[in-house]
Amino acid sequence: MKRALGGALARWRRARGLTQDDVARRVHSTRSTVANVECGRQVVDRVFWAQCESLLAAGGELIAGYDDYRSLEVQFRRDKAEAARQARWAGVLDPATLTETASPRVFRDHEEALLAELRGPTGGEWTEGDMRRRIVLQHALIALSAGVAGPALDSIRAGLASPVLGQEPADVDVAEWEEVAEEYGRGYYSMTPVSLMLHLAADVADLQQTIEASRGSRRADLSRAGARLAAIMAMSLVKTGQFQTARRWWRTSRAAADASGDPAVRVWVRSQDAVHALYQHRSTRAAMDRAGEAVAISGGRAYPGTAEALGACAQASALAGDASGAQGYIDLLTDVFDKLPDSVTADTGNIYHWPQRRLWHTASYVHSHLGRSLDAQRAQEQALSSMPDWAPAARAQVHLHSAMCLIRDGHLDDGANHARQAITALPESRRTTLVVHLARAALDAVPHSEQHRPAVTDLRELITACGPVPQ
C-alpha cells in the first residue's frame with residue numbers, strides 16, 4: 001500500500017508539471033524525502049500529505065490514502081498484539097475465556113474500573129482507609145470531569161507530602177510501586193492528560209496510605225516512586241493549563257525526590273520542572289535556576305535528567321536571545337548525551353529515558369527561536385525522521401518550530417498554514433498547552449501589520465478554539 005500511495009503522489013506531481021525539488025521546496029521538505037515517499041520506502045506524517053494535497057489539488061485522494069494506510073497499520077498492530085496475547089494464554093485459559101477477555105467492552109476506558117472502586121467492596125465493610133480513599137477519588141473524578149482538578153488533587157498531594165516528610169516508613173512491596181511508576185513513565189505518551197491524571201490520582205491515594213502505614217527502612221524507596229508519580233502529575237497539569245496546581249505538585253515531587261536520596265531521581269524531577277517552567281508563564285531565570293540545581297546535583301555524572309536540564313538551559317537562553325549561551329548548552333548537552341548508556345537512549349516510549357530525538361527536538365527549538373533557519377531545518381529533519389508514531393504531539397511541536405521559521409523568514413501564509421495543519425493533524429485531546437504555546441509563539445512572530453491576512457486569521461481562530469490562555 002505504501003507503493004500505491006507513493007505512486008499516487010508521483011502521478012499528481014507529474015500531472016501538475018512539478019519536479020520532486022519543486023514539491024520539496026513548497027511543502028518544506030527535502031527532495032530525498034519526496035523521492036523515498038514516491039517509491040514506497042517512506043510514508044512520513046499527515047502534515048506532509050496535507051500539504052501535498054493542498055499543493056497538488058488532488059481531490060482528497062492523497063490525504064484519504066494516507067488515512068487509510070494508517071488505519072490499516074493500526075489494525076495490523078492490534079491484530080498482531082491480539083495473536084500474541086492468545087498465544088501466551090492459550091495453554092492456560094479456555095477458548096471462551098480468551099474470547100471474553102478480547103471483547104471491546106473489557107477494554108473500555110479505564111475510568112469504568114475506577115468508578116467500580118468507588119461503588120465499594122462487594123462484600124464486607126468499609127475500613128477507614130477504604131473510606132478515605134473513596135472520598136479523595138470521588139473528589140478527583142468530579143473535579144477532573146469538570147476541568148477544575150486543583151482542590152481535589154491538592155488533597156491527595158498533601159496526603160502524599162505529609163507521610164513522605166514526617167513519618168516512619170514500613171516494610172512494603174517497594175518493587176511493586178517502582179513498577180507502577182515505570183508504567184506511568186510508559187503511559188505518559190500514550191494516554192491523554194486527563195485520563196492519566198485520573199488513574200494517577202487513584203494510585204497516589206494508594207501510595208499515600210502505604211506510606212502512612214509503613215515502618216522500617218523503606219521510606220526512601222517509596223519516596224522515589226512518589227517523586228516520579230508527583231512529577232508526572234505536575235507534567236500532566238501543565239499540559240492541561242492548570243499551572244498553579246502544577247507548581248504545588250512540583251514542590252511535593254522535589255521534596256519526595258530529596259527524601260529518596262536518589263540523585264538520578266532528584267536530577268530528573270528538577271530537570272522536568274525546569275523544562276515545563278518555560279510553558280508555565282514562569283521567567284526564564286526560574287527555569288535556569290531549577291536546571292542549575294539539577295546539574296549541580298549531577299556532580300559531573302551523566303543522568304537522563306542532566307541532559308534534560310542542559311536542554312532547558314539551552315531553550316531558556318534562546319528565549320532570552322542569548323545565542324552564544326544557547327549554543328554552549330547545546331554543546332554540553334551533546335557531550336552528556338554521548339555518555340548516556342544505550343539503555344537510556346533507546347526510544348522505548350518511556351518518559352524517564354532520553355533518546356536522540358530529544359536532542360534534535362531541543363536543537364530545533366533553540367535554533368527556531370533564535371531565527372537560525374538553516375540550522376533549525378537540519379534539526380527538524382533529523383527530529384521528524386526519528387519521531388515515532390506514538391508521539392504525535394512531539395511531532396506537532398517540531399512542525400510548529402518549522403512554522404515559526406517560515407514566518408520569521410517572511411513566508412507568512414506558508415508558515416501560518418503549516419502551523420494550522422500541524423494542530424489539526426492532532427486529535428483535540430492531544431492539543432495540549434505545550435502545543436498551543438508554540439502555536440501562539442509562531443503567531444506572535446507575524447508582524448502586527450500582517451495580522452489581518454486570511455491564513456493568519458485562520459490560525460488565530462484555531463488557537464482560540466483550543467482554549468483560553470491558561471493563568
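**Exercise 1. Determine how the axes of helix H13 (residues 243–260) and H14 are arranged, and which residues bring the two helices into contact.**

Step 1. The axes of H13 and H14 approach within 8 Å and cross at roughly 160 degrees. Axes are lines fitted to C-alpha atoms, for helices over the stretch in contact, and angles run from 0 to 180 degrees between N-to-C directions. Helices (H or I, at least four residues) are DSSP runs numbered from the N terminus.

Step 2. H13 is therefore roughly antiparallel to H14, a label for angles over 145 degrees. The crossing of H13 and H14 is left-handed, that is, the near helix is turned anticlockwise from the far one by less than a right angle.

Step 3. From H13, Trp-250, Ser-253, Arg-254, Ala-257, Asp-258 and Ser-260 take part, meeting Val-265, Arg-266, Val-269, Arg-270, Gln-272, Asp-273 and His-276 in H14. Contact means heavy atoms within 4.5 Å. By class, the residues of this contact are 4 nonpolar, 4 polar and 5 charged. Here Ala, Val, Leu, Ile, Met, Phe, Trp, Tyr, Cys and Pro count as nonpolar, Asp, Glu, Lys and Arg as charged, and the others, Gly among them, as polar.

The model is predicted: local features need pLDDT of at least 70, side-chain atom pairs count only at pLDDT 80 or more, and totals for chains, interfaces and linings use all residues. Residues are numbered from 1 along each chain as its sequence is written, and side-chain values use heavy atoms, with hydrogens and water left out.

**Exercise 2. Describe the packing of helix H14 (residues 263–277) with helix H15 (residues 284–298).**

Step 1. The two axes come within 8 Å, with a crossing angle of roughly 165 degrees. H14 is therefore roughly antiparallel to H15.

Step 2. The crossing of H14 and H15 is left-handed.

Step 3. Residues of H14 in this contact include Arg-266, Arg-270 and Asp-273, and those of H15 include Arg-290 and Glu-293. The contact of H14 with H15 comprises 8 nonpolar, 2 polar and 5 charged residues.

**Exercise 3. Characterise the pairing of helix H17 (residues 323–339) with H19.**

Step 1. The axes of H17 and H19 come within 11 Å and cross at roughly 175 degrees. H17 is therefore roughly antiparallel to H19.

Step 2. Among the H17 residues are Ile-330, Leu-333 and Phe-337, and among their counterparts in H19 are Leu-359, Val-366 and Leu-370. This contact has 9 nonpolar, 5 polar and no charged residues.

**Exercise 4. Locate the largest cavity and describe its lining.**

Step 1. The whole structure holds 1 cavity of 30 Å³ or more. A cavity is a set of points, on a 1 Å grid over the protein atoms alone, where a 1.4 Å probe fits but cannot get out; a pocket is an open set with protein on both sides within 12 Å along at least five of seven lines; lining residues have an atom within 4 Å of a point.

Step 2. The largest cavity contains about 510 Å³ of space, a volume being the space filled by probe spheres set on the points, which are joined across faces, edges and corners.

Step 3. Of its 30 lining residues, Tyr-189, Arg-358, His-361, Gln-397 and Leu-434 lie nearest the centre. H19 contributes the most to this lining, with 5 residues. The lining has 17 nonpolar, 8 polar and 5 charged residues.

Note on methods
Angles under 35 degrees count as roughly parallel, over 145 as roughly antiparallel, 65 to 115 as roughly perpendicular and the rest as oblique.
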